[in-house]
Amino acid sequence: MTSVADFLVELGTEELPPKALLTLRDAFRDGIVAAVDDAGLSHGDVLAYATPRRLAVIVNGLQTEQPTQQIDSRGPPIAVAYKDGQPTKAAEAFAAKNGVTLAELTTVKTDKGEWLYYSGKIAGAKASDLLPEIVATSLAALPIPKRMRWGNNSVEFVRPAHWLVMLLGKDVVDAEILGLSAGRVTFGHRFHAPDGITLQSPDKYRDALYEHGKVIADFDERRSLIVAAAKQAAEEVGGTAILEPAVVDEVTALVEWPVPCVGQFNNGFLRLPPEVLTSTLQDHQRYFPVAGDQGLKPMFIAFSNIASKDMSEVQRGNERVVLPRLADAAFFWDQDSARPLAERIEALKSVVYQKGLGSLYDKSQRVAQLAGLVAGYLKDDVGCVNRAAELSRTDLLTAMVGEFPELQGRMGFYYALHDGEPQAVAVALQEQYMPRHAGDDLPASSTGQALSLADRLDTLAGIFALGKRPSGNKDPFGLRRQALAIVRILIECNIDVDLPSLLASAIELQPADCDSDVADELYGFIMDRMRTWYIAGQAPDFAPGDVTAEMFEAVLSRAPESPLDFHARLLAVYRFMALDEAVSLAAANKRIANILKKAESGKQKIVVEELFDGAAEKTLFDAVQKLLPGHKLDLGKRNYQSALKRLAELREPVDGYFDEVMVMTDDGKQRANRIAQLEQIRRLFLDVADISCIPAAN
């Protein structure tokens with residue numbers, strides 16, 4: 001019976017980068033799991049731990065030795081292995097390859113001759129011999145952008161490494177990694193428990209650190225404690241803690257023994273926009289703001305990494321630290337508010353937007369023209385849209401946005417209101433950046449929608465005009481995200497535009513010379529993002545798996561000018577394919593398409609009833625004539641679902657037609673008439689989509 005033992009590896013370091021801690025933890029775990037699996041060692045659950053000063057992995061129930069392997073290997077032919085009764089180099093090489101002598105080799109006969117052969121068993125390697133390389137390789141593969149050296153060592157890691165624990169069961173694994181010899185001694189909290197802690201076995205690791213080291217090793221457990229403590233602290237002062245997930249993760253990565261305290265600041269700072277206070281507290285100090293019934297309260301929750309005997313001193317220390325930050329923010333606000341945004345428009349001329357595409361002023365002027373075109377589709381106030389476009393980049397020149405770049409747009413909103421600009425303009429300045437990321441909210445106002453679309457259209461057109469298209473995984477300008485944002489706004493906000501026309505206008509406005517086919521390339525690029533969006537089931541009305549690549553191509557082949565129209569067609573195709581008649585009609589469309597490719601089509605446009613020869617042709621003709629009026633009405637209303645459902649009624653007459661009619665008859669007039677009839681059927685379906693693209697047709 002194969003023996004198993006738990007395996008623990010812990011690397012102790014200087015404080016690790018907090019924003020990278022989770023990534024390092026998961027990558028270390030995944031690297032070890034992959035290497036253990038590749039080595040053929042079975043195991044149970046794998047646990048990963050991470051604190052500011054350590055990365056650790058426990059592999060439960062690790063097989064302590066690789067299974068014995070049966071080796072059956074055929075070597076060179078006997079005629080090659082021996083010459084004049086003496087072994088050749090080929091025979092000796094085969095024996096050496098299998099780690100045996102020539103005497104241990106046998107022969108095997110086949111219908112093609114006799115061959116040198118080896119059959120035997122190789123004992124598996126011990127896990128204790130494999131683990132040093134597994135751990136070293138996993139550490140070397142961690143996603144560390146920049147490694148550092150320390151002391152006189154030549155080894156490199158993200159931070160200086162100080163201790164290494166490697167236990168397989170109760171035994172220390174003999175290893176030297178990053179200049180450290182593996183042992184069984186770990187270290188607890190830097191201040192509460194600085195002395196070494198001797199571990200007897202991996203299963204005692206977590207409890208030993210908690211009880212003797214004042215360290216909560218499990219990141220997720222530590223995070224949950226921080227969230228619970230922050231909520232309780234906020235409730236005790238009559239508020240609610242604002243717990244931004246990214247900030248919670250960073251605080252968790254900064255402490256091993258989290259202890260909360262509530263700090264306060266002067267009420268006068270509440271005159272600042274709440275986002276300014278929140279950014280100051282969260283981004284600069286890693287504090288959690290506290291919200292009350294009427295907005296933010298003049299207090300925050302901080303977490304210390306020590307359990308101080310006098311927490312009031314910890315509180316005062318945090319308050320002293322945050323005061324100058326808030327004072328700076330108040331100074332920026334007062335300084336920026338003293339000068340209207342409009343006075344910064346001229347200064348945009350001195351700020352380069354992108355080499356070859358002019359200044360920020362030039363971009364805002366292009367965006368204004370494009371936004372005016374979009375406003376026409378939205379029936380929005382063009383003057384309001386143009387004003388928003390002119391001011392769209394001015395808040396980038398304010399001191400507040402210089403200090404808090406993440407507040408661009410939002411500060412434009414506040415400064416515009418302060419300047420007395422129309423509400424719609426102020427809102428648009430904030431909404432122009434929406435959506436900022438996948439799943440983010442979309443601009444709700446028509447002016448904001450026009451500005452957001454225009455800005456992205458200009459960005460895409462400009463970068464494509466420069467020939468700097470995304471390549472592989474490289475997308476330095478975030479063009480894929482920009483393209484998807486355009487699609488989301490148009491479809492989810494129900495905006496009907498002629499996208500190719502807007503793209504052509506955007507390209508025409510660019511100062512960079514570009515090829516005439518850039519507009520087509522840009523349209524194709526946006527369609528590619530749409531395809532991914534639909535197939536992933538992220539589009540409204542669809543779930544993952546609803547849309548296939550072939551369904552998307554069926555609609556794309558019709559090149560709808562409006563993404564909103566595209567969406568309606570795709571939804572119609574999806575629901576059509578659920579009908580009983582869909583498979584038969586898709587197959588018929590495929591057959592018709594193949595016939596028309598080979599036939600001399602286009603010469604006869606009108607179907608002549610007098611040339612019919614049999615009931616099937618007449619039956620199909622009458623069925624088509626019956627549905628034509630309703631079909632035209634459906635198309636006019638973009639009721640594509642009704643149009644395809646109506647066309648589903650052609651299943652029986654189409655099936656009957658192909659059962660009884662020979663399209664490619666020798667009679668030239670009848671052949672032309674039948675081709676014309678098939679073209680008529682084909683056009684009816686193509687009015688919505690080319691369903692012959694769908695696999696059901698094959």
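**A pairing and its surroundings**

Modeller: In this predicted model, strand 15 and strand 17 are paired in the antiparallel sense over 2 bridges. One of the residues to look for is Thr 240, whose bridge partner in strand 17 is Ala 291. The pairing belongs to an open sheet of 4 strands, which has the order 15-17-18-16 and antiparallel pairing. Strand 15 (240–241) and strand 16 (259–264) are the edge strands of this sheet, each of them pairing on one side only. Helix 8 packs on the sheet, where it touches strand 17 and strand 18, and its direction makes about 5° with that of strand 18.

Staying beside these elements, we can turn to the aromatic rings. A search of the whole structure finds 18 aromatic pairs. One of them joins Tyr 287 and Phe 300, whose ring centres are 4.5 Å apart; their planes are at 5°, so the pair is stacked, since planes under 30 degrees apart count as stacked. Tyr 287 sits in the loop between helix 8 (274–284) and strand 17 (288–292), while Phe 300 is in strand 18 (residues 295–304), so that the pair, 13 residues apart, links distant parts of the chain.

Strand 10 is joined to strand 9 (residues 161–168) in the antiparallel sense over 2 bridges, and here Leu 168 stands opposite Asp 171 in strand 10.

Strand 7 (residues 106–110) and strand 8 (residues 113–122) run antiparallel and are joined by 5 bridges, and a hairpin connects strand 7 to strand 8 through 2 residues. Along this pairing, Thr 110 stands opposite Gly 113 in strand 8, and Lys 109 has Glu 114 as its bridge partner in strand 8. Strand 8 is also joined to strand 4 (residues 69–77), with 7 bridges between strands that again run antiparallel; there the bridge partner of Ser 73 in strand 8 is Tyr 118.

Two loops deserve a careful look at the backbone. In the loop between strand 5 (82–83) and strand 6 (86–87) we find Asp 84, which has a positive phi of about 55° although it is not a glycine. In the loop between helix 14 (423–431) and helix 15 (446–465) lies Pro 435, and the peptide bond that leads from Met 434 to Pro 435 is cis, with omega near -5°.

Finally, helices also pack on one another. Helix 9 (residues 311–337) and helix 13 (residues 410–419) do so at an angle of about 50°, with their axes 10 Å apart, and they are therefore oblique to each other. Their crossing is right-handed. On the helix 9 side, Phe 332, Trp 333, Asp 336 and Ser 337 meet Met 411, Tyr 414, Tyr 415 and His 418 of helix 13, and by class this contact has 5 nonpolar, 2 polar and 1 charged residues.

Helix 21 (residues 582–598) and helix 25 (residues 668–686) pack at an angle of about 130°, with axes 10 Å apart, and are therefore likewise oblique to each other. The crossing of helix 21 and helix 25 is left-handed. Leu 585, Asn 589, Ile 592, Ala 593, Ile 595 and Leu 596 in helix 21 meet Ile 675, Leu 678, Glu 679, Ile 681, Arg 682 and Phe 685 in helix 25, and the residues of this contact divide into 9 nonpolar, 1 polar and 2 charged.

Notes:
Residues numbered from 1 in each chain as written. Predicted model: local features only at pLDDT ≥ 70, side-chain atom pairs only at ≥ 80, totals over all residues. Heavy atoms only, no water. Axes fitted to C-alpha atoms, helices over the stretch in contact; angles between N-to-C directions. Parallel < 35°, antiparallel > 145°, perpendicular 65-115°, else oblique. Left-handed = near helix turned anticlockwise from the far one by under 90°. Contact = heavy atoms within 4.5 Å. Nonpolar A, V, L, I, M, F, W, Y, C, P; charged D, E, K, R; others polar. Pairing = 2+ DSSP bridges. Phe/Tyr/Trp six-rings, centres within 6.5 Å; stacked < 30°, edge-to-face > 60°.
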